[in-house]
Amino acid sequence: MLAMNIDVNKAVEKTLEIAKMEIEVKDKFAKYAPIYMAPTGNVKSTIELYKNRMAKIDHALVVGAQGAFAYELALQCETKKIDCFDKNILQYMFFALYDTAIKTCEFKEFIRNFTSITRMSGRVQQVENMLSEWLFFDLVENMKGIEKEYWSKLYKKVEIKSLIGSNLFRMHYPLNFEYLQKYSSVYNEKTYYQLQKLLLTEQLEINYHICEIDELHKEFPKNNYNLVMFDNVLQYYKSIPVLDNVTMINKYIKEKWLPLLKENGQIQLGYGFEVVGESVKQILNSAENSFSNDLYDLMKKSLVTRDIKEGFIANIVQKYYLENNQEKHFQLDFIPAVEENDGHNDSENVILTYKK
């Protein structure tokens, strides 16, 4: 459904319920769930892959989150029409706030309110500066419809700033400016103002739908998209009943998702972080097991071993890329890893693509 059809009162009620819950250790996904405040992966390099590979990306369908992929496509590929999907209603409400901030705020003001400050050599995030009360009122004043109604009603029940650090927001990912600037163009001053102009002059159309990944073929028109992007959603495939094994995913690709594409369209099926990148390299025999006996390497070795057995990209590679990829529908690309910021300079992230 289009986001405009959300039940605002229920969304406010669920927001307060989630904020009071114990903070999630692992990411869980539901119709009402904690919010991602910023991208977690290397958005710039991911979009650059498709920019260099495809002649033109006029129309894309991407996972919604806070809008990072949509904005990056607009900035790098001049994509003018983008449909977003996300099952999380609260994530859409944050997107509306974030989008309004980009349209409204000067760059420094945006950075002050939507990024954290790091302390102790980057290991601790100070988030008290985020979503200041005065900024919040300015943003809500510039919103319309259900988005304005939601944030206004929520503020009458709780101070928004008090929710920072609660279970409502996923804070176990880096939110500091230096990190985000490296991986998303939204956090670069020059491209921020380019994006602001695109949004204010309505040169960019973003439609946001509340939709499950296994319902895309029902929600969106056929033969419509140059590019479909799932980010790392299928990393959690075992929690999606109709897609809980790679055989079913391969069937879904051919029967449900390929019809969404225009001729020569592509689907970004998976994004893998450092551990996934390492497991794929080992499967491809392009990297020997070079783990040492220190604690970090022993932990990483255990995670890589498990990912080779259970991971989405690893299983696709083993079952279809190596054995049944004669027509070369699947493609693997390695990009600079976000983990480089933790000193893992030899690590890479991996992108899995299905080409029509």
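**Loops, a pocket and cavities**

Leu131 sits in the loop that runs between β4 (124-126) and α6 (133-141). The model is a predicted one. Most residues other than glycine have a negative phi. Is Leu131 buried or exposed? Leu131 has a relative accessible area of 3%, and because buried means under 20%, Leu131 counts as buried.

A positive phi is also found at Ala65, where the value is near 45 degrees, again in a residue other than glycine. Ala65 belongs to the loop between β1 (59-63) and α3 (68-77).

From the backbone we turn to the open space. The second largest pocket holds about 760 Å³. Its lining is made up of 23 residues, and those nearest the centre of the pocket are Tyr92, Asp99, Lys103, Glu147 and Ile206. Which elements supply at least two residues each to this lining? They are the helices α4 (89-104), α7 (145-157) and α9 (189-200), together with the strand β5 (205-210). Among the contributors, α4 gives the most, with seven residues. Sorted by class, the lining of the second largest pocket has 13 nonpolar residues, six charged ones and four polar ones.

How many cavities of 30 Å³ or more does a search of the whole structure find? The search finds two.

The largest cavity has a volume of about 40 Å³. Its lining consists of Ile23, Glu24 and Pro34, along with Asn167, Phe169, Arg170, Met171 and His172. Of these lining residues, four are nonpolar, two are polar and two are charged.

The second largest cavity has about 30 Å³ of space. Tyr36, Met37, Ala38 and Thr40 line the second largest cavity, as do Arg170, Tyr173 and Leu175. By class, this lining has five nonpolar residues, one polar residue and one charged residue.

Note on methods: Residues numbered from 1 in each chain as written. Predicted model: local features only at pLDDT ≥ 70, side-chain atom pairs only at ≥ 80, totals over all residues. Heavy atoms only, no water. 1 Å grid on protein atoms, 1.4 Å probe; cavity = no way out; pocket = protein on both sides within 12 Å on 5 of 7 lines; lining within 4 Å. Points joined across faces, edges and corners; volume = space filled by probe spheres on them. Helix = DSSP H or I, 4+ residues; strand = E, 2+ residues; numbered from the N terminus. Nonpolar A, V, L, I, M, F, W, Y, C, P; charged D, E, K, R; others polar. Buried < 20%, exposed > 50% of the residue type's maximum accessible area, 1.4 Å probe, protein only.
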